[in-house]
Amino acid sequence: MRTVARKIAEWVDRLGAVWVEGQLAQITARAGTGTAFLVLRDPAADVSLQLTAPIGLVRDGGPAVAEGNRVVVHGKPSFFLGRGTLSLRVDDIRAVGIGELLARIERLRRLLAAEGLFDPARKRRPPFLPHCIGLVTGRASAAEHDVVTNAQARWPAVRFRIEPVAVQGALAVPQIVDALGVLDRDPDVDVIVLARGGGSVEDLLPFSDETLCRAVADCRTPVVSAIGHEPDTPLVDHVADVRCSTPTEAGRRLVPDIAEETARIAGLRDRARRALAGWVDREERLLSALRGRPVLAEPLRALDARTVEVERLRDAARACVERGLDRRGHDLEHVRARLATLGPAATLARGYAVVQRVPDDGADPLPVLRSVDEVGPGDHLRIRVADGAVPATVGEPAAKRNGTRTRKKASAP
C-alpha cells in the first residue's frame, strides 16, 4: 500500500499547475499560522477539493475570498502520503467576474429553454385558496415575514409549512433541493413558495443553479418563485409556475383577500336577490294576466255555451231520427198493404184456389198445378182456399175450353 501511495504521489508531483474554478465552501485561517485551509466545491456536483494557501494570500484577497463566492484558483496538486488525500497548493485566488457569471447563466438559460423547461404549457395554476402553503426561505428572514404576514392579512386562516434553508453560499442549493422534495411529497401542501430578499448577482447565484432549476421543474406541486426585487430574474423564475417580483407580492397572490371576497359574495347575493325578486314579479304579473282572461275568470261560461249547443244538437238529432222512423213506418205500411194486396191470401179471399197434386205415398204435396196435363184420373189433389185446404181426387177427364182437349174432373171424397 505504501508503494502504491508513493507511486501516486510521484505521478501527481509530475503534474503542472492548473486553474480550477469553484465555490468557496469553507475557509480556515487561524491566527499565528502561516497556512490557510480552504474547501473548493463544484456547484453543479457533489465534489469538493481541499486547498492550502499562504495566510497572507487569504487575508489580502479582500471580499473576493469569502465563503460562498465563486473564485478561480491557481495552484499545483499534491498528494499527502500520510492521509492519502489530494490537495491543491494555491498561489493565486481570483474572483469570478460578473460578466462571466452572467454569460454562464445565459448559456444555461438557453439550454433549459431548448429543453422546454420554460414552456408556458408546462406551468400549472396554483389553487385559488390553498389549504397549506409550503415556504422555502431563510430562517427568520425578512422574506419569510413578508410572505406570512401579507398572506395572513388577506386570509387569516391560511396555514404554512416552513422549511428554513440557506439561501446563499455553498450549502444553499442542496438544502433548497431537499426542502423542495420534502414539501412536494407532503399531500397537505397545495403550493410551494421559494422566497428570498434582494442581493447581488453572486448572492442570488444559487437560484440560477441548474440542479435547482431541474428540481423545481420536476415538482408535482405548483411552485411560486419570489426571489429578490423586481429587477432580479434568476433562472428559477422562468422554471417556476408563477413568478412574483418580491416576497410581499407572493404573500398577496397566494391567497384571496377575505375582505374583497366577502364584498364580492355580498354583491353576488344582492344580484341574486334582485334577479329572484324580478323573476317573481314577472311571474306574478303573468299569473295576474292569465287569471284576468275570460277562460280563467269564468271557466264555466264555455261549458255552459257548449251545454246549450249539445242540447240543441241532441234535440235536432232526436227530431231527425223520429222523422226518419216515421217515414220508414209509413213506407213499411205501404209495402205491407201492397204485399197483402198482391199476396196469395188476398187472391184466395177473392174466390181463387191453389191446387196441388199429392203423391200416393203421402209425401209432401207437389208444386202447384198449372195445367190439366199434369194430372190424370185417380190422382189425389189438395185444394187450398182462403180458410183452409180441401182434399180431392181426379175423376173423369174434362174438355179444354177451346174444345180440342179434355180436362180431368176432380171430385171431392
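Hi everyone, here is a short tour of a few residues in this structure. This is a predicted model, where local features need pLDDT of at least 70, side-chain atom pairs count only at pLDDT 80 or more, and totals for chains, interfaces and linings use all residues. Residues are numbered from 1 along each chain as its sequence is written, and side-chain values use heavy atoms, with hydrogens and water left out.

Let's start with helix H1, which covers residues 2-13 and contains Lys7. Helices here are DSSP runs of H or I with at least four residues, strands are E runs of at least two, and both are numbered from the N terminus. Lys7 is exposed, at 51% relative accessible area. In our terms, buried means under 20%, exposed over 50%, and partly exposed in between, with a 1.4 Å probe and protein chains only.

Now, the cysteines. How many disulfides are there? The count is zero, taking a disulfide as a pair of cysteine sulfur atoms within 2.5 Å. Look at Cys132: the closest cysteine sulfur, in Cys219, is 15 Å from its own, so that is too far for a bond. Cys219 is in no disulfide either, and its nearest cysteine sulfur, that of Cys213, is 12 Å away. Cys132 is buried, with a relative accessible area of 4%, and Cys219 is buried too, at 6%.

Last stop: Thr393, which sits in strand S13, residues 388-398. Is Thr393 buried or partly exposed? Thr393 is partly exposed, at 23% relative accessible area.
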